[in-house]
Amino acid sequence: MSLDYRDASNRHFMDGEILLNSNRYPNADQLYGLAAECSLKAVMVGLGLQVTNQGAPRDRAHKVHMPELWMAFQSFAEGRLASRYVESLSHLNPFGDWTVDQRYWLSNAINAERTKNHRNAATVCRESLALAVLDGVCR
Amino acid sequence: MNFNDALNRAADLAKACLSALQEDVFLVRDLNGRIRILLDSPEAGTRPKTVFQDALKELARDVVASLGTYAYPKKELFLFRSDLATLSLPTAESAPVLRTDGTHSVCLHDRLLMGAEWSASPPTGAPLTKRFTLFSMKGGVGRSTTATVLSWHLARKAKATGDGHRVLVLDLDLESPGVGTTLLGPSLPKFGIVDWFVEDALGEGAKILPDMVAESSLQDGTSGRIAVVPAFGTETKEYLAKLGRAYLERGPNGREPWPARLQRLVAELEAQETPDVVLLDSRTGLHDTSAAAVLAMGADTLLFAADTRQTWAAYEFLFQHWKDHPNVRAFRTRLWMLGSMVPRKNTQAYFEGLRDQAYSLFLESVYDRVAAGQEPPPDAVDFAAIAEEGNHFPRAILWDEGLTFFDPLQQWQDAPVQASYGGFLEWFDKVLLNQGSAP
């Protein structure tokens, strides 16, 4: 199965919106983190990230989830083209309190505020991806 | 088919569909020069569904067939604003119109890696300080020497209070720094402009601001002041490592266009140094940073020109671009042509050649062409070629051998400076310092 980070970013974000509207914060929060990850990986592929035949990153440093990917993206970006997509991302990692393992946590562990912060951060990543699509850097 | 043909062809094809689509159609030309079509939404809405969908199909078929590699494949050809809601995309009022049927238009949305700043609009509201940008297409035309002479002249020139002017000079030619060392010699401050951009990206710009300014000894014996902000200082050290980061479009609070960062730097320096006049020595040529100095600072710009084919060809590219600038009326009267290194021999003939070239440049792009018997618009700019008050009319700086190896800090050359710059300085005082009427 080949990977499509752009499509996956849309799916995770849209599903996150449905869960957030129903106050289902823990899984909405989980999906916003994944949507952000997929958006940045889509941009990185557009910028020339080396991938396997299936489309997964070759380097271990890039085969990561949030919060590691936030910083990995900033280290990966170099040159004027990449700077277009990194400039909107804050130096402070907004996913510092997010982990892919939170899917195992108790249902009351994640509240609305935390979910909304991650939603905002995912939106920034998706804006970067939208720019890259408009520029013709991502398909 | 090439880059130029592709846009024209796509514009023709899109125009043919305007009545069926009943909306403004945007051609998005990406970084590679490939074209896509941006519409509001894939839904017909209140429009007849079959007509709308047939028009999309027909447009996709024709564009892909005609443009080949210059267009996206059919299934990726259309983009919809409804899918890009997070982005601020241009409207028909803010984008160049390629075709129109009187009701709807075909517009261009050009995705540029660099150069978008030449389409920017100047800030509204005048800055508190008089700002002047010195810009040239080619190097070696005396731009930095003019900044030096102008600051020397202004520091001596009395204001209403009787004191000379307080001048602040910024060296924005980061790739080829000049005026900072010309005015300061080895007495540089600790840091320069390149340091500020690096520190500011991390929110630490204010820390070095007081250490970025030094006074030029050219102010000695005057009641004015010449404060200089060079490109680099004595503690800059890794200049290239800093220059490679200086154009980041990111400030302490996230994404910030570079002209806005420069605007902030200049405003902070003005608050710190309280100058009467700011001189911005711009980078040469059609670079984004020059565009920031010319358009984003609310400055009057001195456009240096020698009468050569290369100079006019380059200026023509810029002025042709400005011809379609939606806000050209806001800045066209702040552009001033300057004839540099005007030869002593056949001066009059050379000057007239320069003037006529400059006139044709302005006339074809930014001046209004009011036909006889027509009512001119209220803010019409319609000078004759020989009109001395025209923005195109070159203010001459005469070539002088005494200024060839001019080192103002070692020895000020009063006679050659007066001979070269006398007329220009007189005009500058009258017109740009608003101390009297136009020449």
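Because the model is predicted, local features need pLDDT of at least 70 and side-chain atom pairs count only at pLDDT 80 or more, whereas totals for chains, interfaces and linings use all residues. Residues are numbered from 1 along each chain as its sequence is written, while chains are lettered from A and ligands numbered from 1 in the order in which they are written.

**View 1. Helices α2 and α5 of chain A pack together.** Here α2(A) covers residues 25-46 and α5(A) covers residues 112-135; helices are DSSP runs of H or I with at least four residues, strands are E runs of at least two, and both are numbered from the N terminus. Their axes come within 8 Å and cross at roughly 20° (axes are lines fitted to C-alpha atoms, for helices over the stretch in contact, and angles run from 0 to 180 degrees between N-to-C directions). The two helices are therefore roughly parallel, a label for angles under 35 degrees. The crossing is left-handed, meaning that the near helix is turned anticlockwise from the far one by less than a right angle. Among the contact residues are A:Tyr25, A:Tyr32 and A:Leu40 of α2(A), with A:His118, A:Cys125 and A:Leu129 of α5(A); contact requires C-beta atoms, placed from the backbone, within 7 Å. By class, the contact has 14 nonpolar, six polar and four charged residues (Ala, Val, Leu, Ile, Met, Phe, Trp, Tyr, Cys and Pro count as nonpolar, Asp, Glu, Lys and Arg as charged, and the others, Gly among them, as polar).

**View 2. An open sheet of eight strands sits in chain B.** Its order is β8-β9-β7-β12-β6-β13-β14-β15, with mixed pairing; strands pair if DSSP finds at least two bridges between them. The edge strands are β8 (214-215) and β15 (395-398). Two bridges join β8(B) to the antiparallel strand β9 (residues 225-229), and B:Glu215 stands opposite B:Ala227.

**View 3. Helix α12 of chain B lies across strands of chain B.**

Methods
Angles under 35 degrees count as roughly parallel, over 145 as roughly antiparallel, 65 to 115 as roughly perpendicular and the rest as oblique. Two residues are in contact if their C-beta atoms, placed from the backbone, lie within 7 Å.
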